[in-house]
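Hi,

Here is the structure I said I'd pass on to you. Have a look at it first, and my notes on what turned up follow below.

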Amino acid sequence: MSFVNELKRRNVFRVGIAYVIAAWLIAQVAALALESFAAPDWVIKTVLFLLVLGFPLALLLAWAFELTPEGLRRDSSADTDDPGGAKRTRGLDQLIILVLVLAVAYFSYDKFVLSSASDDAAAIADASGESEQEMVTEADQVRPSIAVLPFVNMSDDPANEYFAEGISEELLNLLARIPELQVAARTSSFSFKGKDTQATEIARELNVAHVLEGSVRKSGDRVRITVQLIKATDGYHVFSQNYDRTLEDIFLLQDEIAASVVAALRITLLGEQPKADVVDAEVYALYLKGRYFNNLKGKENWENAIVAIKEALAIDPSYAPAWSELSTTYRYQANIALIDRDEGMELARAAAEKALLLDENLASAWISLSYVKSLGDWDWAGAAEAVQKARELEPRNADVLNGVASIATILGRYDQAINALQAAAELDPLNQSALNSLGLTYMYAGQLDDAESTFRQLLQLNPQYPWGHANLGEVILLRGQAQEALLEIRQNPPNLVRDTIEVIALISLGEEDSENAVAAYLQSWEQSAAFWAAQVYSYLGNVDDAFESLERAYAQREISLVFLLNTPFFENLEDDPRWDALLDRMGLLDAYLAN
């Protein structure tokens, strides 16, 4: 008997085929189950290793043993003319067919049933009029909308958190460049990170029709990304895909995922689909790390951001986004005096200009340059021009809209600022800083009811917001309700804004200890926050002291001084010739007269 015939007789081929199909099915189910339980990389690797190891063992057992009615016996003792052999062979064939049917059933269910179930559930919800349909607003029906959640780091190394978050942010930015798609801004969508919130609830909070979530496994130069697109009305998957790539292919992968989203949402593009910029894999990873630390904010994080970004630029000094991110980091540091303010603004300007020299279509660099020109140079025309460039490039970018509002507010163009901030709020509804800016702008414009409702909305999101109660108290104070304002203000812990508005409320009440409160306030803040001390002097009617403080703020180039036109407590100064003179030196006189 030939060797091949002997293999057939001992059913080695049949056992091998059955094992391969069964192992594939086990691997698929295990991967799905372990993904659901957020199991670490080594668990699925162990399962795959055991399945591979079991293959030669199964073949060896098939060769050496045979299943008979009397039990498992060494094949050498089996009767080659055993009439039950054919029956056992048919049994193995039936087993192969059964396993194959299960494998095909699983494949069909994964690829087709879940998607159709999503559509069926949506149709049922339509017929029954369930309230979940209210999540999809009229705007969603006109323009498809989506939120991209921060991807979960499934790698063995927790330090790869920056990479998982960075990939999801890059994908968000890529999708945001599609005019036909409304994408929730990063601040809002990433606010759900680490929270056990259902996709349907997230969609309702962000007013979007779909949610994109996923996970990233990074090991060496290999990356596995799992992505699920979820429909808000029923929570079912529109699609779910796994992508295995090298780091060099990460940009093509981003394009592929974006294309899948466009196809799934049935978006008809009027132009070409935006493509991810291709760069060296190591440079890209360092850039993502720098941006990750930048978003965390704080002295140490900004220092870490600069180290990572400079390492990226040392490898590829022509990578414009890294220069733009470096500009933003220097600006953050300068704004709160972690580095010399003038030096920091110059570093931020140089980095932004370098980025624009390399890529003049980089909206983030134009925005950073606009802040340098406004907060650093008091060059309002230059700042407005830079922010307009950014708006032309990315008109539905929440950061760009906030930049537009910042310049408009400084110049007293409140209608323009409010329109920009309202548009930003649609894209970024959970951005607390932007919501605070909107409340302040309403207050500056004299729209106190809108200001109050906005600050109350902010405090609902975050009762501990550093200036939330103080700003709401200021609105109440401007209504002439000083006692109620004081109660609101004191819900904030002490800080510059809270202390300033509190002492003005005490002055307004005319309480006996207000003089002591003013003295204590000035001792704490007069030298370090001259602009704010000037508000207290102005409210007291001490005009000369107020202008002396403003001159000190001017000499120190205090950032808060740019809001000179907006502060309601400077009314006592406006008839003094020194007021117009100061505004003229700052280049704000024309804006003041126009308003």
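**Two helices at an angle**

Axes here are lines fitted to C-alpha atoms, for helices over the stretch in contact, and angles run from 0 to 180 degrees between N-to-C directions. Among the residues making the contact are Tyr162, Phe163 and Glu165 of helix 6 and Tyr284, Lys289 and Arg291 of helix 10, where contact means heavy atoms within 4.5 Å. By class, the residues there split into eight nonpolar, three polar and six charged (Ala, Val, Leu, Ile, Met, Phe, Trp, Tyr, Cys and Pro count as nonpolar, Asp, Glu, Lys and Arg as charged, and the others, Gly among them, as polar).

Before going on, a word on the source: this is a predicted model, in which local features need pLDDT of at least 70 and side-chain atom pairs count only at pLDDT 80 or more, while totals for chains, interfaces and linings use all residues. Residues are numbered from 1 along each chain as its sequence is written, and side-chain values use heavy atoms, with hydrogens and water left out.

**The chain overall**

The chain has 27 helices and eight strands, which are DSSP runs (H or I, at least four residues, for helices; E, at least two, for strands) numbered from the N terminus. Of its 595 residues, 50% are buried (under 20% relative accessible area; exposed is over 50%, partly exposed in between, with a 1.4 Å probe and protein chains only).

Helix 16 (residues 398-410) and helix 17 (residues 414-427) have axes that come within 8 Å and cross at roughly 160 degrees. That makes the two roughly antiparallel. Their contact has twelve nonpolar, three polar and no charged residues.

In helix 21 (residues 482-489), the buried residues are Ala482, Ala485, Leu486, Glu488 and Ile489. They sit on the same side of helix 21, because they cover an arc of only 165 degrees around the axis (taken from the directions from the helix axis to the C-beta atoms). Helix 19, helix 20 and helix 22 are included in what covers them.

**Two loop residues**

Asn207, in the loop between helix 8 and strand 6, has a positive phi near 60 degrees without being a glycine. Lys297 is not a glycine either, and its phi is about 65 degrees; Lys297 lies in the loop between helix 10 and helix 11.

Cheers

Technical notes: Angles under 35 degrees count as roughly parallel, over 145 as roughly antiparallel, 65 to 115 as roughly perpendicular and the rest as oblique.
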